[in-house]
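How is each feature to be read?

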Amino acid sequence: MHELGVAIDIVDIAGDALARMGPVHVTSVRVRVGPLSGVAKDALLFSFGAAAAGTPLENARLEIEDVPVTAWCSVCDAEREPSDFAVRRCPVCQSAMPRLIRGDELEVVGLEVQDA
Amino acid sequence: MTTRIVEVRQNVLRKNDLLARELRRRFDAAGTFVVSLVSSPGSGKTTLLEGTLCALARTARVAALVGDLATTRDADRLARSGAPVRQITTGTVCHLDASMVESALADWDVGGLDFLFVENVGNLVCPSSYDLGEHLRVVLLSVTEGEDKPLKYPTIFNTADMAVITKTDLARAAAFDETEALRNINEVRPGLPVVQVSARTGEGFEAWVRELWVARGRALTSPLC
């Protein structure tokens, strides 16, 4: 359960971005979270409420964009999304796919704002 | 009122990642190869480390940092090997991060070390997100935990560079299916190197220590002095 720490980092990053802008209301914070990032979505949503309290993000929503696990299948010579995120196996040819391309992201994409 | 999107595009753990990169640079410059150990509580991290410190201490300068929520029991145990050991007590925090490693090393000159081991808090979830500046992350799986552990906790296996199956002396008593365990590791992380050891009997230990030296040679270009 390290999502509270992650939520505090998200609030800090958004706060730094806000400091560079004029007066705005933040309506949402958009993040991308891959299933291999080690962060649980529900716990992050819950923690965000606590981390944002008393900050300019207090009334902002946290919008989480999923990033499906994508790996490189060297047999198909193509990017593939395994059917089970945990099992790195090509859904087409069943080969093992050692090279992860996406799916471990934990990133603040941007802020949705309205001018105050 | 118009709504607009302001792009930020920043890795959430950037602060930790930058500090970890800085630590790794420091370790590289010092010729110190840093190995972190992650696993669930009770997989045998401290026992593996006790044996490893003893085995390496004959030919190399070694030290360890150990993380736990409370007590200095692990540090006390490891100190018996004669190697310098420090305990990081995290309070209630479920993982180590780069800043805890940095603080623990603040007044410690790692320049004289060939190997530094960092034993993480026993936890198969949270430690996976935090880069500690290590060169090699080793995930332990003991034979008593069940062969399907990698399938249940894929994230930690995904961030590891090597897996060690521990307590192999108990394999028969635990009805451990080695083939199944190796298959599961390979399913979640194809190609992850696996070593099998029993710290109690010493079986597999030579291969484990050899792997550490090989990994050190690969990671560090500076010669061992």
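The dialogue that follows takes up the numbering, the elements, the sheets, a helix pair and the interface.

Q: How are residues, chains and the model itself to be read?
A: Residues are numbered from 1 along each chain as its sequence is written, and chains are lettered from A and ligands numbered from 1 in the order in which they are written. This is a predicted model, in which local features need pLDDT of at least 70 and side-chain atom pairs count only at pLDDT 80 or more, while totals for chains, interfaces and linings use all residues.

Q: Which elements make up the secondary structure of chain A?
A: Helices (H or I, at least four residues) and strands (E, at least two) are DSSP runs, numbered from the N terminus. Chain A has two helices and six strands, in the order α-β-α-β-β-β-β-β from the N terminus on. The radius of gyration, taken over C-alpha atoms, is compared with a globule rule of 2.2 Å times the number of residues to the power 0.38. For the 116 residues of chain A that rule gives 13 Å, and the radius of gyration is 17 Å, well over it, so chain A is more spread out than a compact globule. Its C-alpha atoms fill a box of roughly 55 × 30 × 15 Å along the principal axes.

Q: What is the order of the four strands in the open sheet that has mixed pairing?
A: Strands of a sheet pair through backbone hydrogen bonds, either parallel or antiparallel. Here two strands pair if DSSP finds at least two bridges between them. The order is 2(A)-1(A)-6(A)-1(B). Strand 2 (61–66) of chain A and strand 1 of chain B stand at the edges with a single partner strand each, so one side of each lacks a neighbour in the sheet. Strand 1 (residues 24–33) and strand 6 of chain A run antiparallel and are joined by nine bridges; A:V29 stands opposite A:L111 there.

Q: How do helix 1 and helix 2 of chain A cross?
A: Axes are lines fitted to C-alpha atoms, for helices over the stretch in contact, and angles run from 0 to 180 degrees between N-to-C directions. The axes of helix 1 and helix 2 (residues 41–52) of chain A come within 8 Å and cross at roughly 55 degrees. Angles under 35 degrees count as roughly parallel, over 145 as roughly antiparallel, 65 to 115 as roughly perpendicular and the rest as oblique; helix 1 and helix 2 of chain A are therefore oblique to each other. A crossing is right-handed if the near helix is turned clockwise from the far one by less than a right angle, and left-handed if anticlockwise. That of helix 1 and helix 2 of chain A is right-handed.

Q: How many residues of chain A are in contact with chain B?
A: Two residues are in contact if their C-beta atoms, placed from the backbone, lie within 7 Å. On that basis, 31 residues of chain A touch 29 residues of chain B. Strand 6 (106–115) and helix 1 (3–19) of chain A each supply at least two residues of this side of chain A, and strand 6 gives the most, with ten residues. Seven bridges join strand 6 of chain A to strand 1 (residues 3–11) of chain B, and these two strands run antiparallel. Within this pairing, A:G110 stands opposite B:E7.

Q: Which strands form the open sheet of chain B that has parallel pairing?
A: Its seven strands have the order 4-3-5-2-6-7-8. Strand 2 (residues 33–38) and strand 5 (residues 115–119) of chain B pair over five bridges, and B:F33 has B:F115 as its bridge partner.
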